[in-house]
Amino acid sequence: MTTTPVIDGIHLHARLAALARVGAIDGGGCARLALTDADKDGRDLVVGWMRAQGLAVTVDAIGNVFAVRAGREDGPPVMTGSHIDTVRTGGRFDGNYGVLAGLEVCRAFDAAGLVTRHPLCVAFFTNEEGARFQPDMMGSLVHAGGLSLQEAYAATDTSGLRLGDELERIGYRGRAAPGTIRPRAFVELHIEQGPVLEEAGRTIGAVTGVQGISWHEFVVSGTAAHAGTTPMRLRHDAGYVAAAAATYVRQLTHDMGGAQVGTVGVSELRPNLINVIANHARFTVDLRNTDEALLRQAEQRTFAAIDSVAQAEGAAVERRRLARFEPVVFDAAMVAHVERVARAHGHDPMRLPSGAGHDAQMMARLCPTAMIFVPSVTGLSHNVAEYTAPADLEAGAAVLLDVLLELAQA
């Protein structure tokens, strides 16, 4: 006999709290940079839960973890999941929510005595954040065939440590070839990480796609000189070039309007003294747009502006690409499926694109893919104050359950 599967909200919240204690930092957030000891501890905790639920766990060569619940028939599973690595000032819900909600769906099916036609897989992917190694969404990108293992292993952090060595060190360099588990469909549940749903008073977002992302690092070389004795007309100030770039990027977003966003997220000056003109500046530029042609335009205008101000200042500038992904449009039938299930649960779902990158945009290369969003209070994420109301977390997990159930029974 089977009963109707239901999400256990208390258990979901308890697991979110337990995982948040791994790498906990002041303010209620957590820091589990990819492939650090804290990441290993988080992985060990979640993999332990997977195995305790009787799921068959596979770890691939890039460290992605897949936990499969068998179906009545063999074949490609319906997959859900996200990531459990964080930025240095991470919250407790970003990524973690989607993984742990997937495990709660499996628990609900077990409690109901339900065996689905197709297998169900809960996954978490390596280095989604890109906070330590670039590019971001690395594990899912390797899984989808967009980046070779060799390229991924060769990535280094700011200390020069190689990703491949760190993966081996923490014991998560698995034996399975990336892409071995190819899903029939992929659904990722996530907090929005922005203010749109909350502003609209909606509980569920049916995500239509993911913005294109362009990350570049710029290094400017000037001449160190005395800040008091060097006339302005004779300066080669790397710090000025960096400041002008930050100002330009903000103005560009106003000029282009629409969905264009831009951020200077890292800024480093040397010798970093109050009375010395900087001879070195390093900064990053993050540009995003839902339209590929407009994103390319933003890149070209930004590159040209930085080159121009550097040349006028008599400074040299070098540019390095850190990550570049085109916009992704999710499967129309899958988006409609999320909407239909949300309405059946009494919600008024809102269609919206994702401004952040997600593993789902890589999985869309392999199979029909969709995302479900729930609100982020005041839009905060990548912040220790990140918060989503318990009722909204439970609502999203309940929608995920029925979306996965229909897919796994189809």
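A residue is called buried when its relative accessible area is under 20%, exposed when it is over 50%, and partly exposed in between, using a 1.4 Å probe and protein chains only. This is a predicted model, in which local features need pLDDT of at least 70 and side-chain atom pairs count only at pLDDT 80 or more, while totals for chains, interfaces and linings use all residues. Residues are numbered from 1 along each chain as its sequence is written, and side-chain values use heavy atoms, with hydrogens and water left out.

In soluble globular proteins, nonpolar side chains tend to be buried together. A nonpolar core is here a set of buried Ala, Val, Leu, Ile, Met, Phe, Trp, Tyr and Cys residues joined through side-chain atoms within 4.5 Å. The largest such core has 99 residues, and the members that touch the most others are Val46, Met50, Met79, Tyr97 and Ile372. Helix α12 (residues 390–409) gives this core its largest share, 10 residues; helices (H or I, at least four residues) and strands (E, at least two) are DSSP runs numbered from the N terminus. At least three residues of the core come from each of domain 1 (9–211 + 327–409) and domain 2 (212–325), with bounds taken from an automatic or database domain assignment. A second, separate core of 20 residues includes Val220, Val241, Leu287 and Phe303.

Ile372 can be followed in detail. Leaving aside residues up to four places away in sequence, its contacts (heavy atoms within 4.5 Å) include Val187, Leu189, Ile204, Val338, Val399 and Val403.

Side chains of opposite charge can pair when their charged atoms come close. A salt bridge is counted when a side-chain nitrogen of Lys or Arg lies within 4 Å of a carboxyl oxygen of Asp or Glu, and the count comes to 24. In one of them, the closest N and O atoms of Lys40 and Asp44 are 3.1 Å apart. These two residues are separated by about one helical turn because they lie four residues apart in helix α2 (residues 37–52). Lys40 is partly exposed at 27% relative accessibility, and Asp44 is partly exposed at 33%.

Arg132 and Glu166 form another salt bridge, with closest N and O atoms 2.8 Å apart. This pair links distant parts of the chain, 34 residues apart: Arg132 is in the loop between β4 (120–124) and α4 (138–143), and Glu166 is in helix α6 (residues 163–169). Arg132 is buried at 12% relative accessibility, as Glu166 is at 8%.
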